[in-house]
Amino acid sequence: MLTARMLGTAAINWNGKRVVFPFAKMEALLYYLLVKKSCSRAELAALLWSEMDDEAAKKNLRNTLYLLKKMFGESLIQTPSRSLLLLDPTHSGASDVACLLEGEAEEEAAYGGEFLAGFYCKDAVLFEEWVNEKRQELREVYLSRLTRRGVALLKEKRYEQAKSCLKRLVAIDEYNESAYRSLMRIYSQAGADNKVIATYRQLENKLQSELGIRPDAKTKEIAQQALRRKENNADAEKSSQTELFFGREAERSRLFDWLGQSKTGDALPRFLVLHGEQGVGKSALVRNVFESLSGEDALILRTQCYQVEELYPYKAWSAIFSQVMLELKRREIEAPDSWRQVISYLFPAIALERSAEDFSHQMDIHALQVTMAQEVMHGLLQLLAEHCRLLLVIEDIQWLDQQGYNVLQQVLRSSGSHIDCLATCRSEALSAFAQRFGERQAQQVIEWLPVERFSRSEVERFAALALDTASLDPLLQEKLYEYTEGNALFLVECFKLLQLGEGVGRLSPRLHSVLTERVGQLSEKARKVLAAASVFFRDASYEELTAVAGLNEFELVEAIEEIQKKKLLEEGIQPGRSHLTYRFCHGCIREFVYGQLSASRQKMLHHRIGLHLEERMQACDGARELLYAAIHHFSQAGEEAKAIEYRIRLAERYSCPHYEMFPELSAAVMVGSDSGYDRRQITEHLQQLEELIAAAAKRALGEERISRYQAAYLEMSGRYHIWLGEHRQGLRAIHRLLRLAALREYQEYRIKGYQQVVYCAIQTRRDRMIEAFADKLIRAAADAGRETVLGAALRFKGIAYALRGEDELAEQSYRQSIALFKRLNSRGNGYAAHIAAAYNYIGDLRGGAGEWVEALRHYETAIRLHGQATVGEGLTIFYINAGYAAFELGRYDAAKSHLQQALVVGEQFGGQMGYWCQRGHCTLNCVLARIACRAGDMAAAREHLNRAEEFLVKYHDANQSAIIERTRREMKML
């Protein structure tokens with residue numbers, strides 16, 4: 001038995017054991033079949049080997065299928081026709097994807113993670129695109145289920161369960177304000193005002209920074225009520241004056257071991273360097289360890305290096321020798337007068353007990369040489385080390401001046417175990433520090449201790465400790481990690497903001513100062529690249545930065561290397577491709593850099609990105625993620641016209657469904673562009689588009705342009721409502737479209753409008769309307785030279801004749817349509833679905849005449865032909881008709897097989913089917929009820945009949961009523 005886990009980390013098991021495949025495309029093929037249940041050979045070859053020619057792709061597919069059958073047996077993958085592949089349900093168990101779609105799993109366990117997370121198939125761009133689309137679809141299915149469950153729990157006043165459900169919902173759907181608001185109400189009822197405010201700030205920052213909008217007034221009022229309650233109870237606010245420290249057990253243990261070994265005089269390196277990025281917690285770790293040391297362990301001499309003092313000789317040593325001279329005095333240790341004079345000269349701020357005139361002899365300060373000064377400093381340290389162990393602590397040693405390095409090297413070369421040194425160094429400067437210190441000596445003397453960012457689990461525990469809560473909101477936990485990437489400084493500052501009721505995304509003054517310093521150290525060209533990177537959603541590819549930053553390739557490479565050394569950007573590989581990408585090491589760095597740009601520069605960069613995306617879309621025909629990105633960047637650039645145009649393209653290509661029975665005359669449907677995920681968003685897409693067009697009209701973008709937008713909107717709106725079976729509403733939109741198209745002479749929209757009227761008339765069985773608009777399509781086809789329109793119109797005329805009982809004229813029209821599309825199809829233009837539709841209607845003519853053998857032959861021809869094109873809802877109808885014909889012939893097994901295939905094909909639409917396909921499923925359930933009835937399974941028969949009757953609850957259809965009534969009578973008789 002074949003089973004698969006596809007939500008989360010992907011895996012395929014055979015008889016309970018994990019299967020390891022010799023190559024990824026073999027595994028990818030099985031995942032695709034497990035989800036789709038059936039597909040054509042051509043579809044699989046194009047999906048997995050699109051970079052090859054047809055012959056090579058087909059050969060690879062045959063070899064892969066051979067290996068799969070050899071591994072799992074011949075019966076796992078069936079081939080009912082030369083072109084169609086099916087996964088045998090008797091040899092494959094239910095997958096987690098199927099359980100999610102069918103609602104069999106519990107809400108918490110239903111969604112194990114992203115679809116095929118971590119699975120990568122090299123050189124299969126189309127497969128990766130399918131995976132991304134499926135991820136979105138399954139995510140929306142799960143969100144819909146979570147929403148329904150959350151609403152039900154709130155109605156039942158089961159607030160703890162509802163809170164858990166809502167937290168999971170907002171963790172996945174970041175912009176679901178209604179879920180945020182419900183969560184805030186639950187917190188408010190529990191008296192958790194801090195959580196109310198924190199949840200609101202989180203939502204506010206998310207909406208403002210990413211969408212440019214603010215939360216609804218109702219949401220804001222809940223937060224304001226919590227703020228007022230909090231102000232009235234100010235005593236509950238407490239702020240800790242002690243430094244918050246967490247974790248670092250391994251680093252603390254290592255540091256204690258090093259200190260202990262040095263104390264006993266072991267021959268180990270006497271110089272330990274803690275290295276990590278700025279803010280990771282190096283200094284806090286050192287302070288925490290020193291708090292545990294007793295005064296008898298060592299005399300700690302500490303200094304801090306600063307970048308501005310990097311050119312001042314010995315500047316960092318001033319703090320150390322100030323402590324040295326005080327300690328010598330306290331211990332009554334006499335130092336030579338000449339040494340004291342040198343220290344007084346080098347560090348005038350150090351107050352000596354005696355003035356220069358009191359020294360027993362005066363030295364010539366002008367004759368003081370560098371080596372002498374260093375020997376004096378070394379001598380004083382050695383003198384003090386004879387009485388106590390010294391531990392030099394140098395913070396940010398990467399900024400120590402060169403003379404200061406020389407002193408340190410001399411001390412470490414000769415001081416033995418009496419003087420040890422501990423330093424902190426930023427990771428971006430580590431290589432330069434080692435070179436400056438001397439790589440050979442660095443290897444011999446220095447011991448390295450890396451201090452890394454906190455992991456995701458450590459961030460969760462740190463937050464629970466800092467915010468004094470037993471369990472952390474999953475959404476806040478994810479936001480904290482995403483925003484800080486585990487950097488200790490950023491985390492502590494976020495905790496302070498949260499304790500004050502502020503949002504995580506707001507920069508504290510301390511963070512602002514740190515980031516200003518880090519970015520300010522960059523060259524002008526590096527800042528340009530950083531600014532360009534901040535404008536992208538998440539990752540920016542090398543090619544995108546080249547197009548946007550305005551630098552040549554050499555300058556760009558140098559700038560990127562500079563930025564990487566500062567640990568501001570990190571390099572990666574784009575999933576599914578070999579392109580280099582760059583992302584900010586912390587989310588707050590991106591927000592800071594972007595916030596520092598002027599509004600005009602932000603618009604300019606967004607505009608450049610939009611132009612670059614247009615070039616990419618020309619090369620790949622407008623992939624969905626590129627359309628979404630273009631909409632965002634042109635909107636941010638203030639170019640409303642382009643933003644609307646790309647939103648229209650997005651809706652036309654991916655959102656509005658095409659008529660399930662009669663293929664559209666566009667390339668989009670021929671590549672199977674629409675998906676169940678987008679169909680659930682159609683109303684929202686259309687509403688947003690209508691609002692954008694209305695707003696654009698007020699801004700006077702041009703009458704002609706606005707008319708084009710309105711035509712596109714009306715066509716999609718009409719098409720959607722007709723598909724849904726809302727015929728009057730759909731016809732109103734289409735009639736408005738036709739009037740506008742006639743006024744503006746939009747020939748393409750006239751054709752689309754005529755076509756939609758025909759579709760509506762077919763659904764409502766109005767033969768005169770079909771014929772009238774088919775004639776208009778024929779004339780429009782002649783004017784435009786569109787043979788595809790003519791072929792569809794001929795088929796439509798055949799339907800009109802068939803509805804009037806003029807079977808000979810109907811078949812003649814169908815045959816003419818078939819001949820025309822066969823001629824066009826010979827050019828490789830992919831019109832098999834059009835031809836299949838005509839054969840299906842000839843099958844209807846044969847069935848109406850009682851010639852069921854011929855009817856079945858024509859239906860199966862339609863299935864075979866459509867299998868060469870993209871699988872769609874039309875194929876469902878063909879299978880249903882074939883099943884009905886087989887039933888009338890008494891071939892019940894064949895009937896069940898065809899009807900089961902119809903269900904398999906329909907599953908890919910996630911229950912989101914249009915009127916005509918739902919009508920077909922009504923017939924399907926009636927036939928299955930009659931088959932079950934004749935087999936003596938009355939329970940199954942009643943179940944199928946109930947499903948069939950659900951269609952009549954929504955729609956009035958005389959033909960389906962008759963089929964249902966016939967089924968009822970037969971069940972009563974038996």
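In which strand does Ser38 lie? Ser38 lies in strand E4, a strand here being a DSSP run (E) of at least two residues and a helix one (H or I) of at least four, both numbered from the N terminus. The model is predicted, so that local features need pLDDT of at least 70 and side-chain atom pairs count only at pLDDT 80 or more, while totals for chains, interfaces and linings use all residues. Residues are numbered from 1 along each chain as its sequence is written, and side-chain values use heavy atoms, with hydrogens and water left out.

View 1. Ser38 is buried, with a relative accessible area of 3% (buried means under 20%, exposed over 50%, partly exposed in between, with a 1.4 Å probe and protein chains only). Leaving aside residues up to four places away in sequence, Ser38 touches, among others, Leu33, Leu84, Gln901 and Val904 (contact means heavy atoms within 4.5 Å).

**View 2. The open sheet E4-E6-E5.** The 3 strands of this sheet pair in the antiparallel sense, where pairing requires at least two DSSP bridges between two strands. Strands E4 (38-40) and E5 (77-78) stand at the edges with a single partner strand each, so one side of each is left without a neighbour in the sheet. E5 and strand E6 (residues 84-87) are joined over 2 bridges, and Ile77 stands opposite Leu87 in E6.

**View 3. Leu67 in helix H3.** Helix H3 spans residues 54-72 and holds Leu67, which is partly exposed, with a relative accessible area of 32%.
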